[in-house]
Amino acid sequence: MELQQMRYVIAVAETNSFTRAAERCLVVQSALSHQIARLEKELGAKLFERTSRRVRVTPAGAAFLPAARQCLAAADRAASEVAAAVGEIRGRLAVGLIPTVAAVDVPTVLSEFRSRYPHVRIGLCAGASEGLVDKVKNGALDIAFLGLPTTTQPQGVGARVLAHDRLVAVVAPDHPLAAESAVDLSRLSSEVFVDLPEGTAGRAQADQAFAAAGLTRDVAFEVTTAYLINRLVEQRLAIAMLASAYVPQLTGLTTVEVTDAPTRVEYIVWSREGRTPAATAFLEILGIRASSESH
């Protein structure tokens with residue numbers, strides 16, 4: 001079993017295509033298919049179901065993928081540790097963040113990191129907090145920036161609180177609420193909302209607050225990006241509740257204080273095991289010692 005074979009399997013699983021996987025891996029498709037077939041023969045099980053229309057991971061393939069990712073991550077760490085031992089930070093740095101992160105200017109920090117460690121390949125992805133934590137745990141991400149309700153803390157990862165922030169209402173400038181200096185949840189409950197998908201940590205902040213107040217609200221629009229929240233509110237299709245520190249990044253909207261608003265906590269999290277030299281260097285730029293895992 002070879003590391004390259006594992007890379008090919010992961011690429012096919014993530015793209016659902018042998019053609020796209022070959023393009024990603026910079027190899028001809030026949031060579032990729034041959035290597036996966038060799039691996040399947042060695043394992044005695046099919047990793048993919050192939051039809052003329054699609055490629056799907058088999059149960060055996062699903063069982064193989066987590067260990068394959070761990071093996072590749074370990075190989076990458078080994079190479080990075082050797083480089084670090086001779087005074088050079090190399091390898092990769094995979095960072096995840098929620099769309100409304102506000103406690104840290106992530107692009108600026110990444111720019112500083114790149115200037116200090118030009119041989120590290122940086123990757124960045126956005127997602128929901130709970131999904132980002134899972135990716136840190138399984139090694140797909142090295143670092144993640146989260147936003148969680150005060151009732152929740154990240155589990156199974158190293159974590160540091162970056163900031164506490166209250167949610168505010170954001171409305172179009174010509175919305176009736178725009179003339180108010182402050183409102184409460186009861187007043188907001190009669191409005192139509194745009195928010196993150198149900199079940200996400202970002203959505204839970206407001207949901208829990210309304211439920212605790214014995215109120216319900218109409219979330220007519222579920223989106224995954226702050227850009228769409230901005231646009232829907234701007235068009236007066238809905239209002240939203242967002243962290244006050246993030247709102248200045250939006251355009252064309254009016255902020256209204258909410259007297260009984262919930263609080264969110266922003267965290268940075270990292271793997272407790274197998275932290276790479278690049279991840280340690282990134283944390284140090286933020287003033288976080290590698291051994292620190294306090295909340």
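1. A residue counts as buried when its relative accessible area is under 20%. Phenylalanine 210 has a relative accessible area of 2%, so phenylalanine 210 is buried. Phenylalanine 193 is buried too, with a relative accessible area of 0%. Bear in mind that this is a predicted model.

2. Next, the aromatic pairs. The count comes to 5. In one of them, phenylalanine 113 and phenylalanine 282 have ring centres 5.9 Å apart. Their planes stand at 65°, and over 60 counts as edge-to-face, so this pair is edge-to-face. Phenylalanine 113 sits in helix 5 and phenylalanine 282 in helix 10, so the pair ties together parts 169 residues apart in sequence. Phenylalanine 113 and phenylalanine 282 are both buried.

3. Phenylalanine 193 and phenylalanine 210 also pair edge-to-face, with centres 5.7 Å apart and planes at 80°. Phenylalanine 193 belongs to strand 8 (residues 192-195), and phenylalanine 210 to helix 8 (residues 201-212). The pair therefore ties together parts that are 17 residues apart in sequence.

4. One aromatic cluster is formed by Phe113, Tyr117, Phe145 and Phe282.

5. Now the helix packing. The axes of helix 5 (residues 106-116) and helix 10 (residues 277-285) come within 10 Å and cross at roughly 125°. The two helices are therefore oblique to each other. Their crossing is right-handed.

6. Which residues meet where helix 5 contacts helix 10? From helix 5 come Val109, Leu110, Glu112, Phe113 and Arg116. From helix 10 come Ala278, Ala281, Phe282 and Ile285. The residues of this contact divide into 7 nonpolar, no polar and 2 charged.

Methods
Residues are numbered from 1 along each chain as its sequence is written. This is a predicted model: local features need pLDDT of at least 70, side-chain atom pairs count only at pLDDT 80 or more; totals for chains, interfaces and linings use all residues. Side-chain values use heavy atoms; hydrogens and water are left out. Axes are lines fitted to C-alpha atoms, for helices over the stretch in contact, and angles run from 0 to 180 degrees between N-to-C directions. Helices (H or I, at least four residues) and strands (E, at least two) are DSSP runs, numbered from the N terminus. Angles under 35 degrees count as roughly parallel, over 145 as roughly antiparallel, 65 to 115 as roughly perpendicular and the rest as oblique. A crossing is left-handed if the near helix is turned anticlockwise from the far one by less than a right angle, and right-handed if clockwise. Contact means heavy atoms within 4.5 Å. Ala, Val, Leu, Ile, Met, Phe, Trp, Tyr, Cys and Pro count as nonpolar, Asp, Glu, Lys and Arg as charged, and the others, Gly among them, as polar. Rings of Phe, Tyr and Trp (its six-membered ring) pair if their centres lie within 6.5 Å; planes under 30 degrees apart count as stacked, over 60 as edge-to-face and the rest as tilted. Buried means under 20% relative accessible area, exposed over 50%, partly exposed in between (1.4 Å probe, protein chains only).
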